[in-house]
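Work through these exercises with the model open.

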Amino acid sequence: MSGLDADSIRAEVRDWLAENWSPDLTVREWWRRLADSGWGYPTWPEEWFGKGFTSEQAAAVRIEMTEAGAVAPPHGIGQTMGAPIILEYGTEDQKQRFIRPIATGEEAWCQFFSEPDAGSDLASLKTRAVRDGEEWIVNGQKVWNSGTLTSDRAVLPLRTNADVPKHKGLSFFIIDVDQPGIEIRPIKQLNGDAEFNETFFTDARVRDADLIGELNNGWGVTLETLANERAAYAAGVDYGGGIPPGEQSGMLDLTCAEAIAEMRTSTHHQAAFPLGSGAALIELAREHACDTDPVIRQRIMQLHSMSETALWTAMRAKAAADQGKAPGPESSLGHIAGVNIARATRDLGLSILGAGGMLMGEDAPRKGDVAMMALSSLVHGIQGGTEQIQRNIVGERVLGLPKEPQVDRDVPFKDVLTSRRS
Ligand SMILES: Cc1cc2nc3c(=O)[nH]c(=O)nc-3n(C[C@H](O)[C@H](O)[C@H](O)COP(=O)(O)OP(=O)(O)OC[C@H]3O[C@@H](n4cnc5c(N)ncnc54)[C@H](O)[C@@H]3O)c2cc1C
């Protein structure tokens, strides 16, 4: 199967869709069919709901699905961060328990990484886990955790040893979100949504069987998870765009047609105006009679060029991954390109709308989609690692500039904490 060319793959997908896809299926039925057939995640191994395809082969599958108007497979932290890391580091038991509900979208996952004192410098995280028989007891606080209120499980690095330098005392776990020791408080954002939360752990429990990789070796797993996240952003993945997975999303028992209609309603503005789409901006410019304005035309062309070159960077990243190479500078470059594209779309959209770009609600141009996109665009320089951190990575790893001084690198973490307090 894995030697198939794009045309043969598209023909197979077309035949399979003719037999299996219908907008009248419930989302749950459709996602189960996708998972069991391997067409949902074709780059995953054949024995784990995939087909062992390269990214290029998987692109052929995606094109055929999109052309058929079929609902995309479930998409979120479970699919981009959880499953890849479990497939790589997980035990057989972990794969058996976690991969299928991720593939069928019956579970939603989130990530508990950032803390009030550990965002860019994530290795300084303080939330600690202390062993208690077959379990670990977790205490501390995480912050900016997206989608936590509707998530079933989370991936999280925890401090399991403070006697060694900060990178060496972390372990990577999967935790059940719905438990008495976890309190979630929503944070209201600039755009009016409360997409992310702060999360408090008070004697929360995590099973030792849910440790991913080796004890105190969690930094490597964390870095790889973050690289997978960056690669997803670099590939132009928009977490808001698809039907959200998980029982608590309330979408699984709607028909696919109903779910698509639901996603188009005004509560999902963010998905409505796409970032980096020359075609969407041309349509907007036509609606507002400025498609003949030479400056607007030039800026749309500039944005289109940025999007196309970002796409090529993403393809380079995928090609490297297909050759078994670790995620390289392409993911950081792609991330920075994504930030620039988001800002350019925001500025251009607001220039086209003029004063109308300040309005939201039913009477506003496009019910405020452009204003919502503009307010939401700021996240792109922060989420998944800030723009400045990505530029540091490019400076040090691509351009060979001297590394930033790291005074606490070889100091036991408990001593770093003591010196911060004194
Ligand atoms: C929409 C959104 C969703 C998110 N979702 C999640 C989530 O689901 N789970 C989760 O755990 N986290 C999430 N985050 C948090 C995100 O990962 C952090 O905000 C990010 O890593 C930055 O950390 P910080 O906010 O602590 O900023 P800080 O690290 O405190 O940085 C503050 C400023 O200093 C700059 N800076 C810091 N260090 C350096 C340096 N060495 N060199 C140059 N400049 C530097 C930064 O670029 C930034 O401008 C989300 C954030 C956003 C915006």
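Predicted model: local features only at pLDDT ≥ 70, side-chain atom pairs only at ≥ 80, totals over all residues.

**Exercise 1. Explain why the ligand lies between domain 1 and domain 2.**

Solution. Domain 1 (105–218) and domain 2 (265–385) both give residues to the shell around the ligand, so the ligand lies between them. Domain bounds come from an automatic or database domain assignment. The C-alpha centres of the two domains lie 31 Å apart.

Residues are numbered from 1 along each chain as its sequence is written.

**Exercise 2. Describe the shell around the ligand: which residues come nearest, and which elements supply it?**

Solution. Start with the count. There are 21 residues around the ligand; a residue qualifies if its C-beta atom, placed from the backbone, lies within 6 Å of the molecule. Phe-113, Gly-119, Ser-120, Thr-386 and Gln-388 come nearest.

Next, the elements. β1 (109–111), β3 (135–146) and α13 (387–398) each supply at least two shell residues. β3 gives the most, with four. Helices (H or I, at least four residues) and strands (E, at least two) are DSSP runs, numbered from the N terminus.

Last, the classes. The shell has eight nonpolar, eleven polar and two charged residues. Here Ala, Val, Leu, Ile, Met, Phe, Trp, Tyr, Cys and Pro count as nonpolar, Asp, Glu, Lys and Arg as charged, and the others, Gly among them, as polar.

**Exercise 3. Find the strands joined to β3 and give their direction.**

Solution. Take β2 (residues 128–132) first. Five bridges join β2 to β3, and the two run antiparallel. Strands pair if DSSP finds at least two bridges between them. Arg-131 stands opposite Trp-136 in β3. β2 and β3 form a hairpin with two residues between them. In that turn, Gly-133 has a positive phi of about 65 degrees.

Now take β7 (residues 196–207). Nine bridges join β7 to β3, again antiparallel. Asn-145 has Asn-197 in β7 as its bridge partner.

**Exercise 4. Are Phe-49 and Ala-289 buried or exposed?**

Solution. Apply the cut-offs: a residue is buried if 20 or more other C-beta atoms lie within 10 Å of its own, exposed if 12 or fewer, and partly exposed in between, with C-beta atoms placed from the backbone.

- Phe-49 sits in the loop between α2 (27–37) and α3 (55–68). Its phi is near 65 degrees, positive in a residue other than glycine. It has 24 C-beta neighbours inside 10 Å, so Phe-49 is buried.
- Ala-289 sits in the loop between α9 (278–287) and α10 (294–322). Its phi is positive, about 55 degrees, although it is not a glycine. It has 9 C-beta neighbours inside 10 Å, so Ala-289 is exposed.

**Exercise 5. Explain why helix α12 (residues 369–376) is largely enclosed.**

Solution. Seven of its eight residues are buried, so the rest of the structure largely encloses α12. Among the buried ones are Asp-369, Met-372 and Ser-376.

**Exercise 6. Which residues have the most contacts inside the largest nonpolar core?**

Solution. A nonpolar core is a set of buried Ala, Val, Leu, Ile, Met, Phe, Trp, Tyr and Cys residues joined through C-beta atoms within 7 Å. The largest has 59 residues. Val-27, Ala-154, Leu-156, Phe-173 and Ile-212 have the most contacts inside it. A second, separate core of 25 residues includes Leu-284, Ile-300, Leu-303 and Ile-336.
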